Amino acid sequence: MTNIAIFVSGSGTNCENIIRYFQDSKRARVSLVVSNKIDAYALVRAHNHGVPTEVWTKDRFSDAAATIELLSSYKIDFIVLAGFLLKVPDYLIVAYPQKIINIHPALLPLHGGKGMYGHHVHEAVKRDGDTETGITIHYVNEEFDAGKIIFQARVPVLPTDDVAAIEAKVHTLEQRHFPEVIDNILPE
């Protein structure tokens with residue numbers, strides 16, 4: 001059984017979707033949800049599904065030994081970033097090589113990098129007049145949004161779409177594809 005930790009910073013709709021997807025799985029389970037924000041609604045969602053949670057601030061992430069110990073105590077094998085806004089420390093990338101993935105709400109390499117998350121991405125898509133957008137699921141490396149791409153899904157952006165419509169289209173792709181892609185790349 002693969003033990004998954006989900007790192008989140010916000011409301012946690014993708015987090016909850018992943019928890020639900022794996023709740024009856026014989027291959028993997030979400031064993032821990034970690035948030036850098038004490039008020040992240042994702043913590044409530046995880047609690048409602050009986051998944052343990054930890055609040056791990058930026059300062060705590062700077063303590064490599066404590067962070068590795070936390071993940072070891074839950075026997076974590078794989079880490080999923082689902083709206084996690086901190087840069088993953090290099091020591092975690094070394095400790096979990098090709099076992100940390102992220103979802104980005106655009107077609108990387110477009111609209112990626114530091115500060116490009118959530119509505120900032122959708123605003124950039126609209127501002128730049130992109131005719132399509134989508135999601136990118138990728139491995140995490142030392143640079144923001146620059147790891148090897150695992151999967152992309154696309155949707156058209158219509159001239160009449162506002163930022164909220166773009167966000168809704170992208171969110172539908174996230175909900176449809178993210179758990180399945182995780183399942184497909186988990187170690188056997």
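Modeller: Let us begin with Arg20 and Glu16, whose side chains meet in a salt bridge at 3.4 Å from N to O. Please keep in mind throughout that this is a predicted model.

Colleague: OK, and why would two side chains pair like that?

Modeller: In general, side chains of opposite charge can pair when their charged atoms come close.

Colleague: How far apart are Arg20 and Glu16 in helix H1?

Modeller: They are 4 residues apart in helix H1, which covers residues 13–22, and therefore about one helical turn separates them.

Colleague: How many salt bridges does the count come to?

Modeller: The count comes to 7 salt bridges, although between domain 1 and domain 2 the count is 0.

Colleague: What touches what between domain 1 and domain 2?

Modeller: On the domain 1 side 5 residues are in contact with 5 residues of domain 2, and the area buried between the two domains is about 520 Å², with carbon and sulfur atoms giving 52% of that area. Within domain 1, the residues that lose the most area to domain 2 are Asn14, Leu85 and Lys87, which together account for 65% of what that side buries.

Colleague: And how many residue pairs are in polar contact between the domains?

Modeller: There are 4 residue pairs in polar contact between domain 1 and domain 2. By class, the side of domain 1 that touches domain 2 has 1 nonpolar, 3 polar and 1 charged residues.

Colleague: Switching topic, what are the helices and strands like overall?

Modeller: The protein chain has 7 helices and 7 strands, and from the N terminus on they run β-α-β-α-β-α-α-β-α-β-α-β-β-α.

Colleague: Last one: how does the radius of gyration fit a compact globule?

Modeller: For 188 residues a compact globule would have a radius of gyration near 16 Å, and the protein chain agrees because its own value is 16 Å. Along the principal axes, its C-alpha atoms fill a box of roughly 50 × 35 × 35 Å.

Definitions and conventions
Residues are numbered from 1 along each chain as its sequence is written. This is a predicted model: local features need pLDDT of at least 70, side-chain atom pairs count only at pLDDT 80 or more; totals for chains, interfaces and linings use all residues. Side-chain values use heavy atoms; hydrogens and water are left out. Contact means heavy atoms within 4.5 Å. Buried area is the accessible area (1.4 Å probe) that two parts lose on being put together, summed over both. A salt bridge is a side-chain nitrogen of Lys or Arg within 4 Å of a carboxyl oxygen of Asp or Glu. A polar contact is a pair of N or O atoms within 3.5 Å; within protein, one must be able to donate a hydrogen and the other to accept it, and residues adjacent in sequence count only if both atoms are side-chain atoms. Ala, Val, Leu, Ile, Met, Phe, Trp, Tyr, Cys and Pro count as nonpolar, Asp, Glu, Lys and Arg as charged, and the others, Gly among them, as polar. Helices (H or I, at least four residues) and strands (E, at least two) are DSSP runs, numbered from the N terminus. The radius of gyration is taken over C-alpha atoms; the globule rule is 2.2 Å times the number of residues to the power 0.38.
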